[in-house]
Amino acid sequence: MNGGPSGFNNAPITRTLVVACCLFTIFFGIQGRSHKLGLSYQDIWKKLQLWKLIVSVFSFSSTPELMFGAYLLYYFRVFERQIGSNKYSVFVSFSIIVSSLLQLFAQSFLNDPALSVLTSGPYGLIFSSFVPFFFDIPVTTRFRVSSLSFSDKSFIYAAGLQLLLSSWKRSLIPGLCGILAGFLYRSNVLRIRRLKFPEFIASFFSRLSFPSVGSTSSAPPPARNAPSFAARPVEGNYRAPVLSAQEPPEDSIATLVSMGFDRNSARQALVHARNDINAATNILLESQSH
């Protein structure tokens, strides 16, 4: 299972987050300060070390956490492609701010010495993203190992579980706070899902020239510009791209139909996605989000 086309095409916010996490983690790791950057109620409210509110979001406390965290951030770029960079930046900001406040409240309420300093990293954003991942991303493949049943989503859950338990209670609290923030966003608290930032904010990240794999022009267009296949029948004057004229395989159509999509919409999405079933799924999900 993947998040659509490889690389950071049409995902500038995700690209910035991943690069920032790598740079911050390496920088503070070399200085030997990576374990001292987590959120602390005492540091924020009593010592007024407000810089930790920023640093704690972008720096993981260890290399294994960076590997799992960067992988999950990279995978969840699918959501930025579906809703666009502007709305995704709202989701990122909401998840980080709300989960950080919840973490500070949990520290104050629990008053546990083991939680005096929580683990650092974008746990709030990562685990907030598991909420739409659970509800909105369909299972495309199921398989069995011995007597156990798995799906293609199992690998993402396994990576999340590893990250959630990486520092026991110090990572468990940020992860749970992130999940709660994700549910609050999904519940549209304060109509947050209607909020948009000024366009220059999202375009700023698009202009950042971080090197990324797969940033060539051969990538498919942004999801937000794709025709809304599931929302309405395709207009009569719509013409599929010349390179996508090949009739989609019947088994690919059947797979999308088994996920609950309309057959005609599934066929049209496959045509537009050049018979890439993952890209077609993204198109259909994006059309349902409007």
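How far apart do the end C-alpha atoms of residues 113-135 lie, and how much of the span is helix? Here are some notes to read alongside the structure, which is a predicted model.

1. Let's settle the opening question. The end C-alpha atoms of residues 113-135 are 36 Å apart, and the span is 57% helix with 0% strand. Residues 113-135 are among the stretches that an unreviewed UniProt entry lists as "transmembrane region"; the others in that record are 12-30, 50-76 and 88-106. Have a look at residues 12-30 too: that stretch is 100% helix and 0% strand, with 27 Å between its end C-alpha atoms.

2. Cys177 counts as buried, with a relative accessibility of 9%.

3. Aromatic rings deserve a point of their own. The whole structure has 23 aromatic pairs. One of them joins Phe60 and Tyr123 in a tilted arrangement, 6.3 Å centre to centre with 55° between the planes. Phe60 sits in the loop between helix H3 (52-58) and helix H4 (63-75), while Tyr123 belongs to helix H7 (residues 123-136), so this pair ties together parts that are 63 residues apart in sequence.

4. For another geometry, find Phe134 and Phe135. Their ring centres are 5.0 Å apart and their planes stand at 90°, which means the pair is edge-to-face. Phe134 is exposed at 52% relative accessibility, and Phe135 is partly exposed at 42%.

5. Some rings also gather in a group. Phe60, Tyr75, Phe76, Phe79, Tyr123, Phe127, Phe130, Phe133 and Tyr157 make up one aromatic cluster. Elsewhere, Arg77 lies over the face of Tyr74, at 3.9 Å from the ring centre.

6. What about the cysteines? A disulfide is a covalent bond between the sulfur atoms of two cysteines. The count of disulfides in this model is zero. Take Cys22 as an example: the closest cysteine sulfur to its own is in Cys21, 7.0 Å away, and that is too far for a bond. Cys22 is partly exposed, with a relative accessible area of 26%.

7. Finally, visit helix H12 (residues 263-272). How many of its 10 residues are buried? Seven are, so the helix is largely enclosed by the rest of the structure. The buried ones are Ser265, Ala266, Gln268, Ala269, Leu270, Val271 and His272. Just after H12 comes Arg274, which takes a positive phi of about 60°.

How values were computed:
Residues numbered from 1 in each chain as written. Predicted model: local features only at pLDDT ≥ 70, side-chain atom pairs only at ≥ 80, totals over all residues. Heavy atoms only, no water. Phe/Tyr/Trp six-rings, centres within 6.5 Å; stacked < 30°, edge-to-face > 60°. Helix = DSSP H or I, 4+ residues; strand = E, 2+ residues; numbered from the N terminus. Buried < 20%, exposed > 50% of the residue type's maximum accessible area, 1.4 Å probe, protein only. Lys NZ or Arg CZ within 6 Å of the ring centre and 35° of its normal. UniProt positions renumbered as here; feature names shortened; annotations may be inferred. Disulfide = S-S within 2.5 Å.
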